Amino acid sequence: MKKELGSEEIFKEVIDSEEELRSMYGYPSELVNNKSITLIDHHCRDYISKSPLLFIATSDSSGNCDVSPRGDAPGFVYVLDDKHLVIPERPGNRRFDSLRNILLNSKVGLIFIIPGLEETLRINGQARIIKDQEIMVHMEAQGKLPKLGIAVEVEECYMHCAKAFKRSHLWDDTYWPLKEELPKPSVIIADHAKKLGLSQDDVSKSLKDSYENRLY
């Protein structure tokens with residue numbers, strides 16, 4: 001059996017100080033240093049109202065990280081005031097990675113995305129899990145209220161530049177792979193969970209049922 005190498009054996013030239021990092025890339029511009037605000041102003045509200053998708057980054061008390069998508073119709077995130085927003089917790093896979101992390105470490109990072117717009121909105125803050133019914137009613141979808149929400153007290157908001165989206169050509173469908181060339185999630189899941197003995201068809205049927213009957 002071939003020995004698996006550790007990171008210290010694979011990577012020989014590791015950056016381990018900010019000084020070395022700065023010597024290679026320099027410092028941010030005055031605009032970058034001054035674009036962050038500490039509240040949800042009218043620009044941020046407008047962006048959030050048009051966003052159907054966000055990613056939430058969390059970590060537990062040991063620093064183990066997770067990033068998870070949250071999506072629904074544009075405006076699905078409820079903005080209470082200049083400092084607070086709530087993300088509805090729709091039915092998922094019940095792993096509760098984000099929620100379990102928040103119970104241990106309230107720090108979160110959010111990235112909001114609007115299709116076709118290459119600049120994203122980033123928000124950092126403190127989160128807690130809530131079930132206030134007077135708030136849940138504002139996030140009803142398909143006739144159903146969320147049981148829980150992720151409430152975020154905002155500490156930092158800023159626009160993130162479009163370079164990653166421009167390099168990736170994410171919104172330009174001329175760069176998209178052909179549908180038949182895409183990875184097949186049912187094949188991947190069946191292989192990763194092969195100890196369960198499920199076939200690709202079994203996984204496909206399970207996914208189809210989940211998407212059709214358990215979105216809300």
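This is a predicted model: local features need pLDDT of at least 70, side-chain atom pairs count only at pLDDT 80 or more; totals for chains, interfaces and linings use all residues.
If you leave out the neighbours within four places in sequence, the residues in contact with T58 are N64, C65, D66, D97, S98, N101, I102, K107 and V108.

Now move along to S59, also a strand 1 residue. Buried or exposed? S59 counts as buried because its relative accessible area is 15%, and the cut-off for buried is under 20%. Which side chain does the side chain of S59 make a polar contact with? That would be N105, at 3.0 Å. Again skipping residues up to four places away in sequence, S59 touches N64, C65, N101 and N105. N101, then, turns up in the contacts of T58 and in those of S59.

C65 is on both of those lists as well, touching T58 and S59. Even so, C65 is exposed, with a relative accessible area of 66%.

That brings me to the cysteines. How many disulfides are there? The count comes to zero. Take C161 as an example: the closest cysteine sulfur to its own is the one in C44, and that is 16 Å away, so the two are too far apart for a bond. For reference, the cut-off for a disulfide is sulfur atoms within 2.5 Å.

Last stop, a helix pair. Helix 8 runs over residues 185–192 and helix 9 over residues 200–213. They pack at an angle of about 115°, and their axes are 8 Å apart. The crossing of helix 8 past helix 9 is right-handed. Which residues make the contact? From helix 8 it's S186, V187, I189 and A190, and helix 9 brings Q200, V203, S204 and L207. Sort that contact by class and you get five nonpolar residues, three polar ones and no charged ones.

Key
Residues are numbered from 1 along each chain as its sequence is written. Side-chain values use heavy atoms; hydrogens and water are left out. Axes are lines fitted to C-alpha atoms, for helices over the stretch in contact, and angles run from 0 to 180 degrees between N-to-C directions. Helices (H or I, at least four residues) and strands (E, at least two) are DSSP runs, numbered from the N terminus. A crossing is left-handed if the near helix is turned anticlockwise from the far one by less than a right angle, and right-handed if clockwise. Contact means heavy atoms within 4.5 Å. Ala, Val, Leu, Ile, Met, Phe, Trp, Tyr, Cys and Pro count as nonpolar, Asp, Glu, Lys and Arg as charged, and the others, Gly among them, as polar. Buried means under 20% relative accessible area, exposed over 50%, partly exposed in between (1.4 Å probe, protein chains only). A polar contact is a pair of N or O atoms within 3.5 Å; within protein, one must be able to donate a hydrogen and the other to accept it, and residues adjacent in sequence count only if both atoms are side-chain atoms.
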